[in-house]
Amino acid sequence: MGKVLEVYEYPHPVLKKVSLPVDKVDDELRAFLDDMLETMYASVGVGLAAPQVGVSKRIIVIDIVQDSEEGIRGEPLYMVNPEIIWRSEEMICGEEGCLSIPGQRADVDRHQMVRVRYLDYHGECKEVLAEDYLAVAIQHELDHLDGILYIDRISRLKRSMLLKKLAKERKEDEEETQ
Ligand code: NI
C-alpha cells in the first residue's frame, strides 16, 4: 500500500516543467508508483502524472475502470517513460477534467487510438494499443510530462472562462471555510 501524496494544482510551476526520463525501475521507484496509485484513488481520478505530485519524472498511472462510489478498481496501468509511437488520424472529442484543475471540465480533441511503449511496474518493456477513453486518458497524462494541461488545448476564450470559474469557486471555498 502506498501513501497519499499532495496533488499540486494550477498554476503551480511544477505543472509547466518538462519531466525527465527514469533511469531504472527499482524498489524505490515502485514505492513511488504505489504512492501515485493511492493518491489517484484517494482523489477519485482515473489517471495521475508524476508532476502532479511535484515530481518531474516521466511516470503516469491510469485506471479508467475505477469508481470510488461503487468501490470498483480495475487493473491499474503503471507507465514509466511512456512514448506514443503511433497515433490514429481519426480524432475524437470528449469532456476532460484534471485533478490539478479541480471542479472544471472541457471538451478536448484527441487521437482516437494511440500505440504506447513504456516500462511497466517490473521494468519490462511493454506496448499497448489503446482506443477511445483509454487513449484519451493516456494522451492527457502524457501531456502532463511535457508541461501541457488540457486547458492548453482548448480555445483562448474557453480557457479564460474556465479559469475565471476556477478562481470564483476557489474564492467561494475560502469564504466558506472562514
Ligand atoms: Ni490531468
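**A walk through the model**

Guide: Let's start in helix α3 (residues 156-177), where Lys171 and Glu175 both lie, 4 residues apart, about one turn of the helix. Keep in mind that this is a predicted model.

Visitor: What do the side chains of Lys171 and Glu175 do?
Guide: They meet in a salt bridge, with 3.9 Å from N to O.

Visitor: Why would side chains pair up like that?
Guide: Side chains of opposite charge can pair when their charged atoms come close.

Visitor: Is Lys171 buried or exposed?
Guide: Exposed. Lys171 has 53% relative accessibility, and the cut-off for exposed is over 50%. Glu175 comes in at 47%, so it counts as partly exposed.

Visitor: How many salt bridges are there in the whole structure?
Guide: A search finds 17. One of them joins the side chains of Lys24 and Asp26, at 3.9 Å from N to O.

Visitor: And how open are those two, Lys24 and Asp26?
Guide: Lys24 is exposed, with a relative accessible area of 57%. Asp26 is partly exposed, at 24%.

Visitor: What does Arg110 pair with?
Guide: Arg110 forms a salt bridge with Glu96. Their closest N and O atoms are 2.8 Å apart. This pair links distant parts of the chain. Arg110 is in strand β5 (residues 101-111) and Glu96 is in strand β4, 14 residues apart.

Visitor: Are Arg110 and Glu96 buried or exposed?
Guide: Arg110 is buried, and Glu96 is buried too.

Visitor: New topic. Which residues hold the nickel ion's protein donors?
Guide: Cys98, His140 and His144. The donor atoms are SG of Cys98 and NE2 of each His, and they lie 2.1 to 2.3 Å from the nickel ion.

Visitor: How are the donor residues spaced in sequence?
Guide: The pattern is C-x41-H-x3-H. Cys98 lies in strand β4 (residues 91-98) and His140 in helix α2 (residues 132-145), so this pair ties together parts that are 42 residues apart in sequence.

Visitor: Buried or exposed, those two, Cys98 and His140?
Guide: Cys98 is buried, and so is His140.

Visitor: Let's do strands. How does β2 meet β3?
Guide: Strand β2 (residues 59-62) and strand β3 (residues 77-87) run antiparallel, joined by 4 bridges. Val61 stands opposite Tyr78 in β3.

Visitor: How many bridges does β3 have with β6?
Guide: They pair over 5 bridges, in the antiparallel sense, and β6 covers residues 113-119. Ile84 stands opposite Val116 in β6. Trp86 stands opposite Arg115, also in β6.

Visitor: What about β6 and β7, which way do they run?
Guide: Antiparallel, with 7 bridges joining β6 to strand β7 (residues 125-131). Met113 faces Glu131 in β7.

Visitor: How many residues sit between the strands of that hairpin of β6 and β7?
Guide: There are 5. Gly123 in this hairpin takes a positive phi near 85°.

Visitor: Where is Ser88?
Guide: Ser88 is in the loop between β3 and β4. With a relative accessible area of 6%, Ser88 is buried, because the cut-off is under 20%.

Visitor: What is Ser88 in contact with?
Guide: Leaving aside neighbours within four places in sequence, Ser88 is in contact with His111, Gln112 and Met113. Ser88 is also 8.8 Å from Arg115, C-alpha to C-alpha, though the two are 27 residues apart in sequence.

Visitor: Where does Asp35 sit, and what does Asp35 touch?
Guide: Asp35 is found in helix α1 (residues 27-42). Its relative accessibility is 9%, so Asp35 counts as buried. Not counting residues up to four places away in sequence, Asp35 touches Gly2, Lys3 and Leu5.

Visitor: Last one. Which residues form the nonpolar patch on the surface?
Guide: Ile64, Val65, Ile72 and Tyr133. Together they have about 330 Å² of accessible area. Ile72 is found in the loop between β2 and β3. At 38% relative accessibility, Ile72 counts as partly exposed.

Technical notes
Residues numbered from 1 in each chain as written. Predicted model: local features only at pLDDT ≥ 70, side-chain atom pairs only at ≥ 80, totals over all residues. Heavy atoms only, no water. Pairing = 2+ DSSP bridges. Helix = DSSP H or I, 4+ residues; strand = E, 2+ residues; numbered from the N terminus. Buried < 20%, exposed > 50% of the residue type's maximum accessible area, 1.4 Å probe, protein only. Contact = heavy atoms within 4.5 Å. Donors = N, O, S within 2.8 Å, 3.2 Å for Na, K, Ca; no water. Patch = residues over 30% accessible without salt bridge, like charges linked within 9 Å, V, L, I, M, F, W, Y side chains within 5 Å. Areas by Shrake-Rupley, 256 points an atom, 1.4 Å probe, with all protein chains shown as cover. Salt bridge = Lys/Arg side-chain N within 4 Å of Asp/Glu carboxyl O.
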